[in-house]
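Please open the model in your viewer and keep the selection tool at hand. The tour goes from the whole chain to single residues, one stop after another.

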Amino acid sequence: KSATEWFNWKDLPVLSLQVCGHSKVDGHMFYDVKCTLAEPGRWHSPYLSWRSLRRLCHLREGLHDRVKQTLGTAYRDVFANSPFASSLHLPGTS
């Protein structure tokens, strides 16, 4: 479905993403992301749960950039207190 079709549903599933840790593989930092889908109001008992290892560039291109584009000017207000990691990281940081 397109984004517009999803927005027309009354009760959209709730997607939750949680970074549970990270590990270095072949010189690249991978983040352990726990993902869940739940019915609205039932976040404590998701009907689907999975984990995935992703690099920061994967999270930026596949999630952050798309959310930022979709939200447009509202992005700054929605994520004012939780900025996404800089694409130019300092040595020793993740």
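With the whole protein selected, look at its contacts (heavy atoms within 4.5 Å): of those with a separation of 6 or more, 35% are between residues 24 or more positions apart. This is a predicted model, in which local features need pLDDT of at least 70 and side-chain atom pairs count only at pLDDT 80 or more, while totals for chains, interfaces and linings use all residues. Residues are numbered from 1 along each chain as its sequence is written, and side-chain values use heavy atoms, with hydrogens and water left out.

Now colour the chain by pLDDT, the predictor's confidence in each residue, from 0 to 100. The mean for the protein is 84, and 83% of its residues reach 70 or more. Select residues 3–7, which are helix 1, where confidence is lowest at a mean of 66, and then residues 48–55, strand 3, where confidence is highest at 95. Where pLDDT is low, the predicted coordinates should not be read in detail.

Switch to a cartoon view, and follow the elements from the N terminus in the order α-β-β-β-α-α, which comes to 3 helices and 3 strands. Helices (H or I, at least four residues) and strands (E, at least two) are DSSP runs, numbered from the N terminus.

Next, select strand 1 (residues 14–25) together with strand 2 (residues 28–38), which pair in the antiparallel sense over 11 bridges; two strands pair if DSSP finds at least two bridges between them. Zoom in on L17, and you will find C35 of strand 2 opposite. The hairpin of these two strands has 2 residues between the strands, and D26 takes a positive phi near 50° there.

For the last stop, select Y75 and F79, which form a tilted aromatic pair, 5.2 Å centre to centre with 35° between the planes. Rings of Phe, Tyr and Trp (its six-membered ring) pair if their centres lie within 6.5 Å, and planes under 30 degrees apart count as stacked, over 60 as edge-to-face and the rest as tilted. By this rule the count comes to 1 aromatic pair.

Are these two residues buried or partly exposed? Y75 is buried, with a relative accessible area of 12%, whereas F79 is partly exposed, at 30%; buried means under 20% relative accessible area, exposed over 50%, and partly exposed in between (1.4 Å probe, protein chains only).
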